[in-house]
Amino acid sequence: MPEAKVGDITIHYEIFGEGEPLVMINGAGAGMEWFRWLIPTYSREYRLILFDNRGVGRTDKPDMPYTTAMMADDLAGLLDVIGIGSAHVRGISFGGMIAQEFVLRHPEKVRSLILAVTYCGGTHSVTLPFAADTTHIRQLPPKEATEAFLRWFITEEFIDQNPLIFGQLLAFAVEHPPDPFALAKHGEAIANHDTYDRLPGIAVPTLIFGADADRVIPVENSKILASRIPNAELVILKNAGHMLIEAAHEVDR
């Protein structure tokens with residue numbers, strides 16, 4: 001299992017395929033195993049780099065304040081260690097916040113940018129209802145809580161029409177539950193994330209995905225990002241939730 005010593009931590013990473021490098025940054029509390037189903041698609045064309053963020057999975061978990069800027073620097077250090085000068089960067093949700101900081105702090109390392117179901121943070125963003133509206137779920141037994149949380153990320157219409165897929169996702173989520181420590185530390189970083197004033201400084205080609213049925217990060221946040229990043233392309237996915245599984249044929253092709 002490849003590991004890289006980056007500053008104060010050791011980062012677990014894996015590389016698949018050949019071609020131009022593509023880095024994927026995952027959401028809060030989620031390890032790289034949640035990207036496993038994408039490997040066959042992307043490794044055919046790209047040198048796909050997956051890694052566990054600080055605080056999650058097989059990467060070190062120091063007990064200290066986390067910020068998206070810190071985690072962007074973690075990624076910059078990882079690319080230096082593995083000898084990749086620049087890469088295409090795709091960040092989803094919390095990973096998209098890290099990706100914003102990454103391109104702003106290390107613009108020479110980014111060839112293009114994809115920001116999916118994410119936000120700029122600060123007072124200019126649209127309120128995230130997820131934490132407040134899911135407080136009661138945290139009181140449920142683990143498996144019931146996992147299912148209740150998962151339903152927040154996927155539309156009920158998709159669940160009703162695809163019970164087998166939902167069952168497979170639920171089984172995977174139960175096997176790979178979010179780590180409470182990681183969720184707390186990543187939540188801390190989300191609360192302090194704010195790139196609004198600096199977004200006009202992004203000069204790389206940028207594609208932004210928003211989901212109109214997203215109950216975690218409202219779609220208005222994607223529109224705000226697109227209005228602030230010069231020449232960004234905005235795609236609003238219809239009838240899609242935060243996980244984007246309803247629109248996988250549009251996003252992952």
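R151 and E147 form a salt bridge in which the closest N and O atoms are 3.2 Å apart, the term standing for a side-chain nitrogen of Lys or Arg within 4 Å of a carboxyl oxygen of Asp or Glu. Both residues lie in helix 5 (residues 142-153), where they are four residues apart, about one turn of the helix; helices (H or I, at least four residues) and strands (E, at least two) are DSSP runs, numbered from the N terminus. R151 is partly exposed, with a relative accessible area of 25%, and E147 is likewise partly exposed, at 27%, where buried means under 20% relative accessible area, exposed over 50%, and partly exposed in between (1.4 Å probe, protein chains only).

This is a predicted model, for which local features need pLDDT of at least 70 and side-chain atom pairs count only at pLDDT 80 or more, whereas totals for chains, interfaces and linings use all residues. Residues are numbered from 1 along each chain as its sequence is written, and side-chain values use heavy atoms, with hydrogens and water left out.

By the distance rule, the count comes to 11 salt bridges. One of them joins E20 to R111, with the closest N and O atoms 3.6 Å apart. This pair links distant parts of the chain, since E20 is in strand 3 (residues 20-25) and R111 in strand 6 (residues 110-116), 91 residues apart. E20 counts as partly exposed at 41% relative accessibility, and R111 is also partly exposed, with a relative accessible area of 35%.

A salt bridge also connects the side chains of R198 and E101, at 2.7 Å from N to O. Here too distant parts of the chain are linked: R198 belongs to the loop between helix 8 (180-191) and strand 7 (206-211), while E101 is in helix 3 (residues 94-105), and the two are 97 residues apart. R198 is partly exposed at 35% relative accessibility, whereas E101 counts as buried at 5%.

The sheet comes next. Strands of a sheet pair through backbone hydrogen bonds, either parallel or antiparallel. In this model eight strands form an open sheet in the order 1-2-4-3-5-6-7-8, with mixed pairing, and two strands are taken to pair if DSSP finds at least two bridges between them. Its edge strands are strand 1 (3-6) and strand 8 (233-237), each of which pairs on one side only. From one strand to the next, the twist averages 25 degrees, the axes being lines fitted to C-alpha atoms (for helices over the stretch in contact), with angles that run from 0 to 180 degrees between N-to-C directions.

Strand 5 (residues 87-92) is in turn joined to strand 6 by six bridges, the two running parallel; among the facing residues, G91 stands opposite L115 in strand 6. Between these two strands the chain crosses through helix 3, and this β-α-β crossover is right-handed, meaning that, with the strands pointing away from the viewer, the path from the first strand over the helix to the second runs clockwise.

What surrounds strand 6? Five of its seven residues are buried, so strand 6 is largely enclosed by the rest of the structure. I92 has A116 of strand 6 as its bridge partner, and A116 also stands opposite F209 in strand 7. Strand 6 and strand 7 pair in the parallel sense over four bridges. Five bridges then join strand 7 to strand 8, which run parallel, and the bridge partner of F209 in strand 8 is V235.Turning to the aromatic side chains, the structure holds one aromatic pair, a pair requiring rings of Phe, Tyr and Trp (its six-membered ring) with centres within 6.5 Å, where planes under 30 degrees apart count as stacked, over 60 as edge-to-face and the rest as tilted. The rings of W34 and F172 have their centres 4.8 Å apart and their planes at 85 degrees, so the pair is edge-to-face. W34 lies in the loop between strand 3 and helix 1 (39-42) and F172 in helix 7 (residues 163-175), so the pair ties together parts that are 138 residues apart in sequence. F172 is partly exposed, with a relative accessible area of 25%.

Finally, R228 lies over the face of Y196, at 4.0 Å from the ring centre, and R54 lies over the face of Y66, at 5.8 Å; a charge sits over a ring if NZ of Lys or CZ of Arg is within 6 Å of the ring centre and within 35 degrees of the ring normal.
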